[in-house]
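Subject: Model for your files

Hello,

Please find the structure below. My notes on it follow.

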Amino acid sequence: ISGNAQSFHKGRVIHHGTLLFNSNLKAIHHLLKNKQSKSKAIQSRPANTKNIKDFLFIEATTESFMQFLVDEILYNDVSNNTLELTNEDTFVIKQMIKDKYAKWEWNFGISANFSTTKKVNHQMVTFTIKKGIITHIKSKDSTLNDILKDALINKPLRFNILKKSISHLDYHHIDGERLIEKLCFYP
């Protein structure tokens with residue numbers, strides 16, 4: 001019902017997790033079994049997944065469950081005083097998002113190096129990504145390989161930048177926009 005990940009970076013701990021309430025377990029199982037991406041990051045240890053909803057003795061919607069969690073988390077003591085963010089708290093949070101967490105460098109640039117294989121024109125193509133930059137492309141089809149290298153090699157995994165680089169791919173009957181969606185959003 002839950003998955004968590006954690007990293008240590010420059011003396012800070014970042015932890016995030018998920019709760020599965022009413023998820024498509026078949027899709028999750030398929031994604032967890034996907035072996036197309038190779039990374040130097042610590043490998044996940046997938047386990048059988050279940051939905052929280054299946055363990056409840058009452059009817060609940062995703063929305064009512066979320067409200068239950070919010071209600072439980074926001075109370076800071078037994079007297080049910082709601083913990084409210086101050087304007088200063090909100091300002092600091094927004095500033096942290098702007099200065100760090102919304103930036104490409106944080107989301108892609110300092111990520112672990114990895115390789116991912118995608119289907120392009122019925123051919124499997126492996127893309128190697130280092131520090132958020134496409135550094136190597138390999139396909140058995142040398143023509144496709146050359147076309148993709150010309151368009152994408154040494155480009156960052158930034159949708160808008162890659163989109164500008166793919167205009168000529170349509171000429172080669174390659175759905176360039178779909179390819180960069182797969183690269184940028186589904187590594």
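Buried means under 20% relative accessible area, exposed means over 50%, and partly exposed lies in between (1.4 Å probe, protein chains only). By that cut-off, 22% of the 187 residues in the protein are buried. This is a predicted model, in which local features need pLDDT of at least 70, side-chain atom pairs count only at pLDDT 80 or more, and totals for chains, interfaces and linings use all residues. Residues are numbered from 1 along each chain as its sequence is written, and side-chain values use heavy atoms, with hydrogens and water left out.

Overall fold: the protein has 7 helices and 6 strands, taken as DSSP runs (H or I of at least four residues for helices, E of at least two for strands) and numbered from the N terminus. Their order along the sequence is β-β-α-β-α-α-α-β-β-β-α-α-α. Of the contacts (heavy atoms within 4.5 Å) with a separation of 6 or more, 44% are between residues 24 or more positions apart.

Isoleucine 137 in E6 stands opposite phenylalanine 127. The hairpin has 2 residues between its strands, and lysine 131 takes a positive phi near 50 degrees there.

Helix H3: this helix covers residues 87-101 and includes tyrosine 101. Tyrosine 101 has a relative accessible area of 32%, so it counts as partly exposed.

Regards

Key
Two strands pair if DSSP finds at least two bridges between them.
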